[in-house]
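Visitor: Could you take me through this model, one topic at a time?

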Amino acid sequence: MSAIILIKNAWIISNDEKIGDLRCGSILVRDGKIIEIAPEIVKPEGSEVIDGESFIAIPGFVDAHKHLWQAALRGICGDMTLLGYFETIRQNFIASYRPEDVRIGNLACALELLNSGSTSVLDHSHCIITPDHADAVIEATLEAGIRGVWAYGYCPVWESDAFKRHEDRIADAYRVKRRYFASDDNLLRMGVAITEQQLLPYEYTEMEVRSALDMNAKWTAHTHCGNGAAPISRGIYKLYAKNLVNDLAILSHCNEFTFNDFVMMNEVGAHFASSPDSEIYMGITKPVNFIEAIAAGTPISLGTDTVSCMSADMFANMRLTLNFARHQINAPAAAGFQAVLHQKVSVRDVFKMATINGARALGIDHLVGSLVPGKRADIVLIDANQPNLAPITDPIASLVLQGQVSNVDTVLVDGKIRKRHGKLVGVDLEKLNRDLSASHAYLQSNTKIEERDLAEEVGRWSSRVTEAAVDA
């Protein structure tokens, strides 16, 4: 594979106001960096040429909220609510996970992301049962070659005795930082995923956030996405009051946020990640507060959330985002028998949510999220000749309204070709599927699922986790 790649004749969506869109243009990549974008570029000696005729070139999608480790449990949550997911995945199945299970899960899901055109991800890795699990998950994600933030999940697993005290978990995060993320120059960067607020005494939550701030690492939290009276995930105001929320924070979901909540978080520079498909699917009481966030001027990024419920298909997520946001905004007018004269959320707005907004949330927008000379070459080529896309009038409208994973022909991450002609490069899919199936079979046969009253079980779970932390 050449260190110099020239993409020619593509319809380029730069995602940059100065460069704009080029109906027929070229992109020159050298040593993983975009060197030049122009209508025509002379082929450098020794370069590999990719003919972009009938292709749309876009920046890779940025998935701002994902749990990669669950790939062996794909689709297992068919008819579950959020409470059912908590009990089944976060309580029962996770206790059966071995290091090899989280490893194959992360690898398979990271490859799914690359296959679907997502070149960066925030991995909310709340599967760290032991230090060996942390190592296995990180090494798998590095092997996949995806960019992003790997967020060490502090969420306690009481079945594990590897961490005698909560401080031991935090000490292990520092070990991981030293071993794998000493530099921010790598594709993958260190992050922290805090335990859902109200599952631990507040001082432990504060300790988790302070560890992220001390490491200058992005931290993320399931935020105000509770179900009914369950207290899980509520309490961001306490952190805000102690000046612990700043531009390192990536707050996921925020379904119960009001306009004023978004304004408050905007003032300290916090970021917001929405996963509309999983939120609506799980029966969250007030899904996807786009109307409040947009009114507050909050930049929204998108995530595809749990593998056990949803796919990594950012095209489908963009469509749902567009439709639901427009529904929320237009419904009041329609209820008053007023005509809707203009759409306040455009297809380009949603495309930015899936690309540059996510890059800003992850703190990597100086590297990716748009196609600009000087940025890293995370580029996706979309085959616009397919029946669901042709003919193209507006490429962004076509991608948001009609795009599919099957249209993703070529994926570059840092200038390296990870997918070409519709197939992942250098991936033994047969072995991957064998290993994933073996993990699936092990987890299914070694996990006991009991039918329980979910509301009562969540209450007991919350009490048990809190008591365990206090005892420690």
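Guide: Helices and strands here are DSSP runs numbered from the N terminus, with at least four residues (H or I) for a helix and at least two (E) for a strand. The model is a predicted one, in which local features need pLDDT of at least 70 and side-chain atom pairs count only at pLDDT 80 or more, while totals for chains, interfaces and linings use all residues. Residues are numbered from 1 along each chain as its sequence is written, and side-chain values use heavy atoms, with hydrogens and water left out.

Visitor: How many bridges join strand 1 to strand 2, and do they run parallel or antiparallel?

Guide: Strand 1 (residues 4-13) and strand 2 (residues 21-30) run antiparallel and are joined by 7 bridges; two strands are said to pair if DSSP finds at least two bridges between them. Strand 1 also pairs in the parallel sense with strand 4 (residues 48-51) over 4 bridges, where Ile 7 stands opposite Ile 50. A further 2 bridges join strand 1 to strand 5 (residues 55-59), again running parallel, and there Trp 11 stands opposite Ile 56.

Visitor: And how many residues of strand 1 are buried?

Guide: Strand 1 is mostly covered, since 8 of its 10 residues are buried, where buried means under 20% relative accessible area, exposed means over 50%, and partly exposed lies in between (1.4 Å probe, protein chains only).

Visitor: Changing topic, what order do the strands have in the open sheet?

Guide: The open sheet of 9 strands has the order 13-12-11-10-9-8-7-6-14, with parallel pairing. Strand 13 (300-302) and strand 14 (305-306) stand at the edges with a single partner strand each, so one side of each has no neighbour in the sheet. Within the sheet, strand 8 and strand 9 pair in the parallel sense over 6 bridges, and Ala 151 stands opposite Gly 191 in strand 9.

Visitor: Which strands does helix 4 touch?

Guide: Helix 4 packs on the sheet, touching strand 8 and strand 9, and its direction makes about 155 degrees with that of strand 8. Contact means heavy atoms within 4.5 Å; axes are lines fitted to C-alpha atoms, for helices over the stretch in contact, with angles from 0 to 180 degrees between N-to-C directions.

Visitor: Okay, aromatics: how many pairs are there?

Guide: Rings of Phe, Tyr and Trp (its six-membered ring) pair if their centres lie within 6.5 Å, with planes under 30 degrees apart called stacked, over 60 edge-to-face and the rest tilted. By this rule there are 10 aromatic pairs.

Visitor: What about Trp 150 and Phe 181, how far apart are the ring centres?

Guide: The centres are 6.3 Å apart and the planes lie at 15 degrees, so Trp 150 and Phe 181 are stacked. Trp 150 is in strand 8 (residues 147-153) and Phe 181 in the loop between helix 4 (166-180) and strand 9 (188-193), so the pair ties together parts 31 residues apart in sequence. Ring pairs link Trp 150, Tyr 152, Tyr 154, Tyr 180 and Phe 181 into a cluster.

Visitor: Last one: which residues have the most contacts inside the largest nonpolar core?

Guide: They are Trp 150, Tyr 152, Trp 219 and Met 318, in a core of 114 residues; such a core is a set of buried Ala, Val, Leu, Ile, Met, Phe, Trp, Tyr and Cys residues joined through side-chain atoms within 4.5 Å. Its largest share, 9 residues, comes from helix 2 (residues 99-115). A second, separate core of 18 residues includes Ile 37, Ile 50, Leu 371 and Leu 412.
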